[in-house]
Amino acid sequence: MTLNAVINLAYLVAAILFIVGLKGLSHPRKAVRGNILASIGMLLAVVVTLLDRNIVSYQLILAGLVVGSLFGAVLAVRVPMTGMPQMVALLNGFGGAASVLVAGAALIETVIAGSTPAVDFRIATVASGLIGSVTFFGSLVAFGKLQELVNTNAVVFPGQHPVNGVVALAALGFSIWVVMNPESTGAYWIVAGIAGLLGILLTIPIGGADMPVVISLLNSYSGLAAAATGFVLRNNMLIISGALVGASGIILTEIMCRAMNRSLANVLFGGLSSTPASKASVDAIYSGKVKAASAEEIAMLLETARRVVIVPGYGLAVSQAQHAVRSLAQLLESRGATVEFAIHPVAGRMPGHMNVLLAEADVPYEKLKDMDEINPTFAQTDVSIVIGANDVVNPLARTDPKSPIAGMPILDVDKSRTVVVIKRSLSPGFAGIPNPLFAADNTLIYFADGKKAVNDLIQALKEL
Amino acid sequence: MDDLVVAITVFVLALFVGNEVISKVPPTLHTPLMSGSNAISGITLVGAILSAGTQYTTLTSILGFTAVVLAVINVVGGFLVTDRMLRMFHRKDR
């Protein structure tokens with residue numbers, strides 16, 4: 001058996017480990033092992049690659065491996081759980097950038113070797129550069145928004161769509177140029193540059209609650225870029241791994257879009273029809289009907305509640321209230337109540353954001369319920385506590401077909417006996433519309449920061 | 001050309017496998033799924049190592065080296081942070 005065959009068989013084993021590893025994520029109990037299996041696959045792939053006969057020197061490789069590992073490890077250990085969306089965005093971007101560089105280097109090597117690369121090689125190279133560059137620059141913008149380094153809102157300007165269209169056409173035009181003239185390697189970097197601009201332009205108009213879609217999509221792109229690089233290098237393992245990640249990102253993107261009842265095109269290009277609600281219409285909904293409550297009043301309600309559902313939103317992450325919420329849940333349970341958590345798919349800034357935060361606070365995952373599972377139980381719920389969520393509990397989605405969130409599946413908290421909303425003010429959520437839930441007869445509002453409010457409730461409960 | 005057809009076949013079949021496997025991941029693990037699959041997409045590292053090691057020209061060596069650094073950050077950072085998250089879910093079993 002040749003060395004090449006050994007290497008390729010090892011790649012097959014690595015690909016299998018990736019698949020088995022991802023399969024492990026189907027249950028929290030098997031997931032840690034799954035992730036370890038996948039990382040062993042990666043280690044195997046790297047080690048056998050080092051056996052390649054074309055490698056003449058190991059210094060650069062080792063230097064790169066050491067520097068990158070250190071940097072990656074420091075990032076992974078230091079990032080707080082609330083910063084996970086940014087972290088994922090950044091890592092996505094690095095993967096995309098690596099694909100751009102690898103495909104570019106492969107093109108240069110082929111041209112210098114004097115052979116005219118085949119058409120499919122050229123197409124794969126350009127695809128790698130295009131997708132990789134969009135991923136890298138798009139991810140940087142997403143990172144900047146999530147880290148609040150740049151304007152976190154949707155940035156829109158007149159003529160946005162025509163400008164994007166022109167840039168996209170330019171990227172496509174130069175791509176075709178590179179495919180026709182593979183010897184001019186400079187054009188490849190122009191393609192990467194224009195694609196980078198496109199990545200930025202496509203990401204800046206997306207903000208706030210739409211971020212989960214963008215992160216999922218960029219995740220998918222980073223996989224597709226790796227797969228394209230696999231076509232460049234004719235490496236099946238890269239193709240398989242890239243396809244797995246691509247599929248994963250696409251599935252998550254679809255779930256996120258469905259959870260908002262919007263098409264992907266609408267999220268990317270449409271934006272919400274956000275004409276801010278007029279003050280008169282807001283007043284008509286809220287005036288005289290909003291009931292503010294004190295911690296003591298709410299504690300008395302919770303005292304007698306048999307079933308309590310907690311609904312977390314992005315505000316929970318902002319005020320870092322996850323540990324306080326866990327304490328409140330434990331206190332209520334120690335008094336005989338059942339406590340569950342209702343998680344909307346797009347709560348937070350990335351898929352599964354709330355679950356990770358609550359897991360950090362030691363809330364058992366069995367208590368975290370999906371929307372479909374928990375919705376039928378609200379009618380039997382004594383108290384629902386909404387913390388930092390708004391649009392995902394807005395009944396207008398069910399009742400007003402003209403609302404920008406019409407048809408969006410929501411958590412039916414308004415059906416529970418009493419709703420306690422913890423909120424700093426009555427300011428609207430991302431959709432920019434008032435929420436009739438806040439003025440409903442069975443709703444009490446506790447105006448305060450999430451974490452402080454929950455701690456106040458705990459205190460009041462203990463003093464009863 | 002046969003080569004290309006094989007590559008496309010592999011790609012399409014892998015998409016189906018990915019679809020099968022990923023749709024069974026519960027929503028509660030979606031964040032670790034993203035960071036974990038992210039680490040897997042750092043597989044470009046393999047190509048980066050070859051570029052950095054074959055040292056065709058100074059330029060390709062530099063490109064390769066940079067790509068190795070970026071891809072390793074993606075791989076190591078991705079797997080470690082996923083492990084950190086998954087252990088938080090796991091310790092509920094006490």
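**View 1. Chain A as a whole, with its 18 helices and six strands.** In this predicted model, the C-alpha trace of chain A spans about 80 × 50 × 35 Å along its principal axes. Of the 464 residues in chain A, 53% are buried. When contacts in chain A between residues at least 6 apart in sequence are considered, 79% of them join residues at least 24 apart.

**View 2. The open sheet of chain A, in which six strands are paired in parallel.** Strands of a sheet pair through backbone hydrogen bonds, and the pairing may be either parallel or antiparallel. Read across the sheet, the order of the strands in chain A is β3-β2-β1-β4-β5-β6. Because β3 and β6 (443-447) of chain A stand at the edges and have a single partner strand each, one side of each of them is left without a neighbour in the sheet. From one strand to the next, the twist averages 25°. Helix α14 (residues 322-334) of chain A packs on this sheet, where it touches β1, β2 and β4 (383-387) of chain A, and the direction of α14 makes about 175° with that of β1(A).

**View 3. Strand β2 of chain A and its pairing with β1(A) and with β3(A).** Strand β1 (residues 307-312) of chain A runs parallel to strand β2 (residues 338-343) of chain A, and four bridges join the two. In this pairing Arg307(A) stands opposite Thr338(A) of β2(A). Strand β2(A) is also joined by three bridges to strand β3 (residues 368-370) of chain A, and these two strands likewise run parallel. Here Phe341(A) stands opposite Leu368(A) of β3(A), while Ile343(A) stands opposite Asp370(A) of β3(A).

**View 4. The packing of helices α5 and α7 of chain A.** Two packed helices are described by the angle between their axes and by the distance between those axes. For helix α5 (residues 119-146) and helix α7 (residues 185-203) of chain A, the angle is about 35° and the axes are 7 Å apart. The crossing of α5(A) and α7(A) is right-handed. Among the residues that make the contact are Gly129(A), Ser133(A), Phe137(A) and Val141(A) of α5(A), together with Tyr188(A), Ala192(A), Ala195(A) and Gly199(A) of α7(A). Sorted by class, the contact of α5(A) with α7(A) has 14 nonpolar residues and eight polar residues, but no charged residues.

**View 5. Helix α9 of chain A and the residue just after it.** Helix α9 (residues 236-260) of chain A has 25 residues, which at 1.5 Å a residue should span 36 Å, and since its end C-alpha atoms are 36 Å apart, the model agrees with this expectation. Helix α9(A) is mostly covered, as 21 of its 25 residues are buried. Just after α9(A), Asn261(A) takes a positive phi of about 55°.

**View 6. The contact between chain A and chain B.** Chain A gives 98 residues to this contact, and chain B gives 78 residues. On the side of chain B that touches chain A, the elements giving two or more residues are α1 (2-22), α2 (30-41), α3 (45-54) and α4 (58-90) of chain B. The largest share of that side, 31 residues, comes from α4(B). By class, the side of chain B that touches chain A has 43 nonpolar, 28 polar and seven charged residues.

How values were computed: Residues numbered from 1 in each chain as written. Chains lettered and ligands numbered in written order. Predicted model: local features only at pLDDT ≥ 70, side-chain atom pairs only at ≥ 80, totals over all residues. Axes fitted to C-alpha atoms, helices over the stretch in contact; angles between N-to-C directions. Left-handed = near helix turned anticlockwise from the far one by under 90°. Contact = placed C-beta atoms within 7 Å. Nonpolar A, V, L, I, M, F, W, Y, C, P; charged D, E, K, R; others polar. Expected span 1.5 Å × (residues − 1). Buried ≥ 20, exposed ≤ 12 C-beta atoms within 10 Å, placed from the backbone. Pairing = 2+ DSSP bridges.
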